[in-house]
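Please read the following report alongside the sequence and the model, which are shown here.

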Amino acid sequence: MARNEEKAQSMLNRFITLKNEEKKKPKERRPYLASECRDLAEADKWRQQIMREIGRKVAEIQNEGLGEHRLRDLNDEINKLIREKSHWERRIIELGGPNYTKHSAKMTDLEGNIVDVPNPSGRGPGYRYFGAAKKLPGVRELFEKPPELRKRKSRYDIYKRIDASYYGYRDDEDGVLEKVEGPAEERMRAAKLAEWEALEEIKREARRAVKSGEVASVAPAGILFEEEEDVVEEERRAAKEKENEKEREFVVHVPLPDEKEIERMVVEKKKMELLSKYTSEGLLEEQTEAKAMLNIQR
């Protein structure tokens, strides 16, 4: 039995292959300019062809072992096809076809984040990197985000966020402060009311005493008049001074006299005073006698 290679080289098979090639239409080439195409279906066909070429080359560029030069060439070819695709998409829109640019794929970085690549010319996408081309030297740095510099806040920025809430003017709006201060306010109000009622009772008792001619001398417990408050304050001050005196400690650096020594010193002082008094009186008498004798002699 003949092998497949021998069958393919047989005269009949070669004749059939040539006939089939003659029946085929000549292979059409894609127009160099998209503006030369006048048919919408033809323009869509050429766009699909470009898409298939882009997909094939993108799959090829994923291989990191191709080398730097081959990766750069493939990336350039893909970008060239993408620009050509954008020309055909604009031509399709001009011929009344759908707008494919709305659903075009976005470029991503190594982490999968979408990267906006603007074109300086303003027409179509900018230069993009695919697959292993993103890891080439000098390209990786393009996808790295620069560290954000923390800008120092100015005085205007600090005061811009200060409003009434910062100063506590809106604390009553949330209702929390009202719940906390409610019971305390009621207690303070009740205490003040009780004090006021006690004062009113004292005033009524005083009026009744004045009308009846009696003197009300008893005051309710817990109520002090101004005079009583002064007395109480003086007593407190005196007690405090006594406590301070008790707490003080004296250090004597010289011997102190006892009671007998003090009495002796007092007695001696009185004797000296009496002697000085008698001596002064005797001198006065002698002076008066001398003056009298002088007057007589004259």
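At its relative accessibility, does Glu53 count as buried or exposed? At 17% relative accessibility, Glu53 counts as buried, where buried means under 20% relative accessible area, exposed over 50%, and partly exposed in between (1.4 Å probe, protein chains only). This is a predicted model, in which local features need pLDDT of at least 70 and side-chain atom pairs count only at pLDDT 80 or more, while totals for chains, interfaces and linings use all residues. Residues are numbered from 1 along each chain as its sequence is written, and side-chain values use heavy atoms, with hydrogens and water left out.

**Fold and burial**

The protein chain has 9 helices and 2 strands, these being DSSP runs numbered from the N terminus (helices H or I with at least four residues, strands E with at least two). Read from the N terminus on, the elements follow the order α-α-α-α-β-β-α-α-α-α-α. Of the 298 residues of the protein chain, 14% count as buried.

**Salt bridges**

Side chains of opposite charge can pair when their charged atoms come close. With a salt bridge taken as a side-chain nitrogen of Lys or Arg within 4 Å of a carboxyl oxygen of Asp or Glu, the count comes to 16 salt bridges. The table lists some of them, including the one formed by Glu53.

| Pair | N to O distance |
|---|---|
| Arg30 and Glu53 | 3.4 Å |
| Arg70 and Glu60 | 3.2 Å |
| Arg264 and Glu268 | 2.8 Å |

Whereas Glu53 is buried, Arg30 is partly exposed, with a relative accessible area of 22%. In the pair of Arg70 and Glu60, Arg70 lies in helix H4 (residues 68-94) and Glu60 in helix H3, so parts that are 10 residues apart in sequence are tied together. Arg70 is partly exposed at 31%, and Glu60 counts as partly exposed at 32% relative accessibility. Arg264 and Glu268, by contrast, are 4 residues apart in helix H9 (residues 259-297), a separation of about one helical turn; Arg264 has a relative accessible area of 39% and Glu268 one of 41%. Salt bridges that share partners also join Arg30, Glu53 and Glu84 into one network.

**Aromatic pairs**

A search of the whole structure finds 2 aromatic pairs, defined by rings of Phe, Tyr and Trp (its six-membered ring) with centres within 6.5 Å, where planes under 30 degrees apart count as stacked, over 60 as edge-to-face and the rest as tilted. The rings of Tyr127 and Tyr129 have centres 5.1 Å apart and planes at 75 degrees, so this pair is edge-to-face. Tyr127 is partly exposed at 34% relative accessibility, while Tyr129 is buried at 18%. Tyr166 and Tyr167 form an edge-to-face pair too, with 5.2 Å centre to centre and 90 degrees between the planes, and both of these residues are exposed.

**Surface patches**

Patches are made of residues with over 30% relative accessible area and no salt bridge, like charges being joined within 9 Å and nonpolar side chains (Val, Leu, Ile, Met, Phe, Trp, Tyr) within 5 Å. A patch of negative charge on the surface gathers Asp171, Asp172, Glu173, Asp174, Glu178 and Glu181. Of these, Asp171 is found in the loop between helix H6 (155-160) and helix H7 (176-212) and is partly exposed at 37%. Leu12, Phe15 and Ile16 form a nonpolar surface patch with about 310 Å² of accessible area together, and Ile16 is found in helix H2 (residues 11-23).

Note on methods
Areas by Shrake-Rupley, 256 points an atom, 1.4 Å probe, with all protein chains shown as cover. Lys, Arg positive; Asp, Glu negative; His and termini not counted. Charge placed at Lys NZ, Arg CZ, Asp CG, Glu CD.
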